[in-house]
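Hi,

Here is the structure I promised to pass on.

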Amino acid sequence: MRAAFAMTPHLQHRFFDAPLLAELGDLVDIDADQVLTSYDDPGAADVEVLVTAWGTPTIDASALARMPRLRAVVHAAGSVKYFLSPEAWERDLRVTCGVEPNARPVAEYALAAVLWATKSVLPLTERFRADRVAPDLTVDDTIDGAYGTTVGLLGASATGRALVELLAPFDLSVLVSDPTIDAARAAEMGAELVGLDDLFARSRVVSLHAPLLPQTRHLVDARLLGLMGDGTTLINTARGGVVDHDALRSELLSGRLRAILDVTEPEPLPADDPMWSLPNVTLTPHVAGSQGSELRRLGRAAVDEVRALIDGRPPLRPVDPATLATSA
């Protein structure tokens, strides 16, 4: 079966190391050093399997006409919405993606952020650096601690579900708010389903895992932020647009809330934005998703999908087009 990479050139060697490329080469006929950056390439006409990732050219009606033998798209990353047009679904292509493998490092980042937030590690670090004297923690009431803390998750996405799993060994209460699940499903995950107001009012740490959709843009607004208690922390590893940053900036400038933000709106923030220098804000450059060796987890998942195809088995992580309207 003829296969080809379609992504940003050289990226295939970050997702697939030598052993994974060898394994993939045993399954399909693929040139490890060739990447399709356009489907005008004469070699596209024989491709039956596209292995895609970041930078994949759009697969629209014109591209499909140039690839009459294409039967499967194996996406070694998250969403396929940005490059797969409606015409692709009309051909009944087999489409898989790495949303779940990519959710794991985001959930791990969020776990670390939750635990650091409950210990007040980041603001304490700023104080320690400034004073060069250890605070008297016996009288310090700014540290909540993790025991018995309530953590709220906005969104039962793949990342949200993975985070609930990672939080399970800790003595925490986990709330989740998501209109796509019911109370029984939330309990099965290990969380309590609540409304948005309860989530923000009851949680010491709120972690955002909702996709950016028209109905979720600026969902976290001044009203919801106002429900958060003094000294509570907002974590965002989803998309910056889920939060009204004017409202968030106001709360952070007051010192009332804390934030750990891996994503912002815009991204990055303007150089003169005061959030860069606030001691109650931690900004990271969109690193929660798969990085470094974690990309090979996505490569591993893609090779497993190709093997399932070759073996005649159902896809392991199929993309359901019916869910695209409510997914990232």
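**What I found**

Asp-92 sits in the loop between helix H4 (86-90) and strand S4 (94-96); helices (H or I, at least four residues) and strands (E, at least two) are DSSP runs, numbered from the N terminus. Before you go further: this is a predicted model, where local features need pLDDT of at least 70 and side-chain atom pairs count only at pLDDT 80 or more, while totals for chains, interfaces and linings use all residues. Residues are numbered from 1 along each chain as its sequence is written, and side-chain values use heavy atoms, with hydrogens and water left out.

Asp-92 is not a glycine, yet it has a positive phi of about 65°. It is exposed, at a relative accessible area of 67% (exposed means over 50%, buried under 20%, partly exposed in between, with a 1.4 Å probe and protein chains only). Arg-132, in the loop between helix H6 (121-131) and S5, also has a positive phi, about 55°, without being a glycine. Its relative accessible area is 69%, so Arg-132 counts as exposed.

You'll also want to check the prolines in the loop between strand S10 (258-261) and strand S11 (281-283), where Pro-266 is placed. The peptide bond from Glu-265 to Pro-266 is cis, with omega near -5°. Pro-268 is found in the loop between S10 and S11 as well, and a cis peptide bond with omega of about -5° joins Glu-267 to Pro-268.

Now the core. The largest nonpolar core has 27 residues, and Leu-153, Leu-163, Leu-167 and Val-176 touch the most other members (such a core is a set of buried Ala, Val, Leu, Ile, Met, Phe, Trp, Tyr and Cys residues joined through side-chain atoms within 4.5 Å). Helix H5 (99-118) gives two or more residues to this core, as do strand S5 (150-154), helix H7 (158-167), strand S6 (173-177) and helix H8 (183-189). H5 supplies the largest share, eight residues. Leaving aside neighbours within four places in sequence, Leu-167 is in contact (heavy atoms within 4.5 Å) with Leu-111, Val-114, Val-151, Leu-172 and Val-174.

Finally, a helix pair. Helix H2 (residues 18-27) packs against helix H12 (residues 295-310) at an angle of about 15°, with their axes 10 Å apart. That makes H2 roughly parallel to H12 (angles under 35 degrees count as such). Leu-20 and Glu-23 are among the H2 residues that meet H12, where their partners include Arg-296 and Val-303.

Cheers

Definitions and conventions:
Axes are lines fitted to C-alpha atoms, for helices over the stretch in contact, and angles run from 0 to 180 degrees between N-to-C directions. Angles under 35 degrees count as roughly parallel, over 145 as roughly antiparallel, 65 to 115 as roughly perpendicular and the rest as oblique.
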